[in-house]
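Open your viewer and keep the sequence panel beside it. This tour tells you what to select next and what you will find there.

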Amino acid sequence: MSPALHTPRPAPPAEPGAGRGDAVVSVAAQRAEEPLYAHRIKVYPKSVSGRFRQIKWALLGLFLAIYYLVPWLRWDRGPGAPDQAVLIDLPGRRAYFLWIEIWPQEVYYLTGLLVLAALALFLATSLLGRVWCGYACPQTVWTDLYMLVERLVEGDRNARMRLDKMPWSVAKLARKAAKHAIWLGIALATGGAWILYFVDAPRTIGPILQGAADPGIYFFIGLFTVTTYLLAGWAREQVCTYMCPWPRFQSAMLDEHSVIVTYQAWRGEPRGKHKQGTGWEGRGDCIDCTQCVAVCPTGIDIRDGQQLECIGCGLCVDACDGVMDKVGRPPRLITWDTLANQEAKAAGRTQPIRWLRPRILIYLVMIGLVGAVMVAALAMRPTVELSILRDRSPLWIPLADGGLRNAYTIKILNKTWNRQDYRLAIEGLPAARLAVSGADDEQLVVSAQPDAVATYRVFVTVPAGATLPESTPITLAATHLASGEVARHGSVFLAPRP
Amino acid sequence: MPTKIEKDAVTGTMTTGHEWDGIRELNTPLPKWWLWVFYACIAWSLGYFVLYPTLPGVGGWLGWSQRAELADRMAAERARVQPMLDRIRTTAVADIPRSGDLHGFAIAGGRAAFADNCAPCHGAGAAGAKGGFPSLVDDEWIWGGDLDAIGRTIAFGVRSAHADTRQSQMPRFGLDGMLTPAQISDTAEYVLTLSGRAAVPAAAERGRTIFADQCVACHGEAGRGNLELGAPSLADRIWLYGGDKASIERSIASARGGVMPAWSGRLDEATIRMLTLYVHSLGGGR
Ligand code: SF4
Ligand code: SF4
């Protein structure tokens, strides 16, 4: 972490409450007084409106739409193949993504995708701080949705705090029950939709709703229902603060040129209540209204500087903009800016954002490289593959006429959606004769069913009189009759010591 | 060394009271619910301890056991493959190789049955073993290598107790005084020439007459053997009991007679058929 990032957290005021009145106190400040194990301090985020809240609503709608609609997209792959555009067929051991189909041994495409995703996350974090956390992470999206429900049922921050303090009554019970019922409904829909990525959606949704689907399906729907409900309804910011590893090492991607949510202390301090009609000379713009703390979904005070808990959602920016508008001061006391620029501004200069930094270029180059390798691998993905298992017992078979035979099990992977024929040939041992067990076909043509692996036993025979070294490298080739595509695999022909 | 719990001047955070070489630890409290999750895991493990077999010799309350589960699954699997086994029993063996999925099933079933029953003598890869356990992967057969012959050998055995067993007995030319040691040596010398190996011509010439008198009836004029009688070929490179002169002399003097059990009473019809097809597919099948 660069020194500029280490903004010391100011000690809480010596006399708590002095000058604060009923001010909102950040979770961090409250927790600092706790023993080794802390009670969870419940956060009651206040509703807020503004530019970043709007962006968050728009992205929430977009991501939920993608999540719920993708399983219903169709993609024609011809007869015999599933027509779901995105499908992970675990029992069939295939994954489909639009025109791409991968077999289990091609899971490196998935690895490549994950590497790309990680690099993109690093890049986004270096550029814009925790935009992933604040805007796109499912934990954030679903928590936002749950908070919306909570606000509609129980009211805004103050109403919710009052409700929680109230003794139990029918009215309170009704509100709480309604909230949890809606939450569970959303959780059920979330878990239900997740399953649709693993089965054929249109054909399975009916049985699922009628209770006639496989018990395994209900188990997973139940599992994802419970996790969604717990994580988005109960755990919320605790996930980001205590469970997620990402906040713990994101500081490695941030530097003083990353654009992050930051309180402009040079402009805001010294903070203090402001009486209408009095001037602004000799004081900062922050009127210590603690609105920024009240709206924060993780309950922190952004004025304490960079904190592990901050998910970079920008809601405090919206809140403070509203306050500045009311008191007639320029907006963006809390803003998106680089720490370098903040340091410069504190000294009366400005420091333009440096977008092109070595780490950015390195991430871009790595993304380009991994992407290019993946595109090339996809473009050159063979439709036929051959693999060979050499018999180990016996290593060789002496024949009655003095000839010598080795036996192999071959597997031909037909990655097309039609039955295909292949001609087998042996290379590297001119005297050898190739034969397929059980076939007296001189043409050595074998076939494989659509999208399946065909297994054959083949024999390589060297006639009597040939003197061979103990091990001769050979290659078996399977030529796809229709396209001429050849799959090869190497092995050895073993002979007793001469 | 615990010190005073106090407020750290720089961060405003309380310390834990732990100090190592002057370095004090700030208190970053663990959430209580985390602790409760830990206790819940302990409670869960206690439930697990009671419900499932944990201590040796003490079953769990649920009565679950791995052995019973295995038995269940085996029974379920047997029920699942029963229709295939029925088809194997009712289809002519010669037709099975042409019937796609059934052949694949038979070969797989044969491989499993071979590993369970045949591998101890014939070897895991069916390569046989010295001392009378013939290789099943080469192209030499004593009692025949077509599907029918292989099936009969497996079902009834060789010199077994079964009424239909493969049965043949070579005379003990030496032990029973039918040939003198010199004559046996000459005969062995001649037998070597059958597979084209250099020998002492005069001895071989003497052996030829003895061979014509004593051996041709079973092993044939050119020593090619006779599948009907289980008389092995003496004219090729494959020797069940060794092909050097001393081994051949011993075979002539005291005869050989390996035994294979009959499997018809021990294995069911479908398994014998699967074994037949598997052995036939190993490379020597006719
Ligand atoms: S919302 Fe703005 S003015 Fe109010 S306390 Fe926060 S930074 Fe200060
Ligand atoms: S401090 Fe501001 S940006 Fe950070 S989580 Fe709270 S509201 Fe969001």
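Helices (H or I, at least four residues) and strands (E, at least two) are DSSP runs, numbered from the N terminus. The model is predicted, so local features need pLDDT of at least 70 and side-chain atom pairs count only at pLDDT 80 or more, while totals for chains, interfaces and linings use all residues. Residues are numbered from 1 along each chain as its sequence is written, chains are lettered from A and ligands numbered from 1 in the order in which they are written, and side-chain values use heavy atoms, with hydrogens and water left out.

**Stop 1**

Select A:P394. It sits in the loop between β7 (384-390) and β8 of chain A. A cis peptide bond joins A:S393 to A:P394, with omega at about 0°.

Now select A:P270. This proline lies in the loop between α12 (265-268) and α13 of chain A. Its bond to A:E269 is also a cis peptide bond, and omega there is about -10°.

Go on to A:R332. You will find it in the loop between α14 and β6 (334-337) of chain A.

**Stop 2**

A salt bridge is a side-chain nitrogen of Lys or Arg within 4 Å of a carboxyl oxygen of Asp or Glu.

Select A:D164 and A:K42 to see one of them. Their closest N and O atoms are 2.9 Å apart. The pair links distant parts of the chain, 122 residues apart. A:D164 is in helix α6 (residues 157-165) of chain A, and A:K42 is in the loop between β1 and α2 (51-69) of chain A.

**Stop 1: the two ligands**

Select ligand 1, then show the residues near it (a heavy atom within 4 Å). Among those that surround ligand 1 are A:Y263, A:C286, A:D288, A:R303 and A:M324. Two elements give two or more residues to this shell: α13 (291-295) and α14 (315-327) of chain A.

Colour the shell by class. Ala, Val, Leu, Ile, Met, Phe, Trp, Tyr, Cys and Pro count as nonpolar, Asp, Glu, Lys and Arg as charged, and the others, Gly among them, as polar. The shell around ligand 1 has eight nonpolar, two polar and two charged residues.

Move to ligand 2. The residues around it include A:V261, A:C296, A:P297, A:C310 and A:C316. Which classes make up this shell? Nine residues are nonpolar, three are polar and none is charged.

**Stop 2: where chain A meets chain B**

Show both chains. Contact means heavy atoms within 4.5 Å. By that rule, 29 residues of chain A are in contact with 28 residues of chain B.

Buried area is the accessible area (1.4 Å probe) that two parts lose on being put together, summed over both. Chain A and chain B bury about 2,400 Å² between them, 59% of it on carbon and sulfur atoms. Select A:Y37, A:Y242 and A:A400. In chain A these lose the most area to chain B, together 24% of what that side buries.

Look for links across the interface. The rule finds zero salt bridges there. Polar contacts are pairs of N or O atoms within 3.5 Å; within protein, one must be able to donate a hydrogen and the other to accept it, and residues adjacent in sequence count only if both atoms are side-chain atoms. Between chain A and chain B, 10 residue pairs are in polar contact (both at pLDDT 80 or more).

Zoom in on A:S437. It lies in the loop between β11 (433-436) and β12 (445-448) of chain A. Its side chain reaches the backbone oxygen of B:S281 at 2.9 Å. A:S437 touches A:R457, A:F459 and B:S281, not counting residues up to four places away in sequence.

**Stop 3: the domains of chain B**

Colour chain B by domain, with bounds from an automatic or database domain assignment. Domain 1 covers 69-165 + 260-281, and domain 2 covers 181-254. Their centres, taken over C-alpha atoms, are 33 Å apart. Here 11 residues of domain 1 are in contact with 12 residues of domain 2.

Finish on B:E140, B:I142 and B:W143. In domain 1 of chain B they lose the most area to domain 2, together 57% of what that side buries.
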